[in-house]
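Let's take a friendly walk through a protein model together. Have a look at the overall fold before reading on.

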Amino acid sequence: MADAGFDIAELFRRNHLELVRLALLLVGDRPTAEDVVQEVFASLHMRRERLSLSGDPLAYARVAVLNRCRSVLRRRAVARRFAGGRELRLDESNRSAEHEVISSEERRQVMAALAALPRRRREVLVLRYYLDLNEAEIARVLRIKPGTVKSTAARGLAALARSLGEES
């Protein structure tokens, strides 16, 4: 790689779990989330000679995970259309013990409300409140203006509150 200080293995060791969690919140199931992250790292490894990362390698990996999640969600939408509107059921036998503990009724309601949000709002809220990125970092990852991040987050939170029957 052009950056002498960039180490793909170290990026993987330090950030794999965070990236899987990011993907999990976007795609909704752990096996797919793990596949997304694995594909990102495999792609980084295959292109390491041609890849030049002048900025933060973690930010680059987050964008790559986000883009792969978008591709997965597009493929699912197409599959649902061809399935005649029938919902595809995810294999629930692959859930970890950690996932089962966290999957309380309240969490399911929040996740359903989050999933119902438009893509941009969902991405902004996940990056802000799950990864705890600031507005400037979110703007860089999503390639939008910081003001757009603020307004999108506000609209997303308001929509979540309405969906969950809470006062905003």
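Helices (H or I, at least four residues) and strands (E, at least two) are DSSP runs, numbered from the N terminus. By that rule, this protein has eight helices and zero strands, and its elements read α-α-α-α-α-α-α-α from the N terminus on. What you see is a predicted model, where local features need pLDDT of at least 70, side-chain atom pairs count only at pLDDT 80 or more, and totals for chains, interfaces and linings use all residues. Residues are numbered from 1 along each chain as its sequence is written, and side-chain values use heavy atoms, with hydrogens and water left out.

Of the 168 residues, 36% count as buried; buried means under 20% relative accessible area, exposed over 50%, and partly exposed in between (1.4 Å probe, protein chains only). Now take contacts (heavy atoms within 4.5 Å). Among those between residues at least 6 apart in sequence, 67% join residues at least 24 apart.

Next, find the aromatic rings. Rings of Phe, Tyr and Trp (its six-membered ring) pair if their centres lie within 6.5 Å; planes under 30 degrees apart count as stacked, over 60 as edge-to-face and the rest as tilted. The structure holds one such pair. The ring centres of Phe12 and Phe41 are 5.0 Å apart and the planes stand at 85 degrees, so this pair is edge-to-face. Because Phe12 belongs to helix H1 (residues 8-27) and Phe41 to helix H2 (residues 30-46), the pair ties together parts 29 residues apart in sequence. Phe12 is partly exposed, at 37% relative accessibility, while Phe41 is buried, at 8%.
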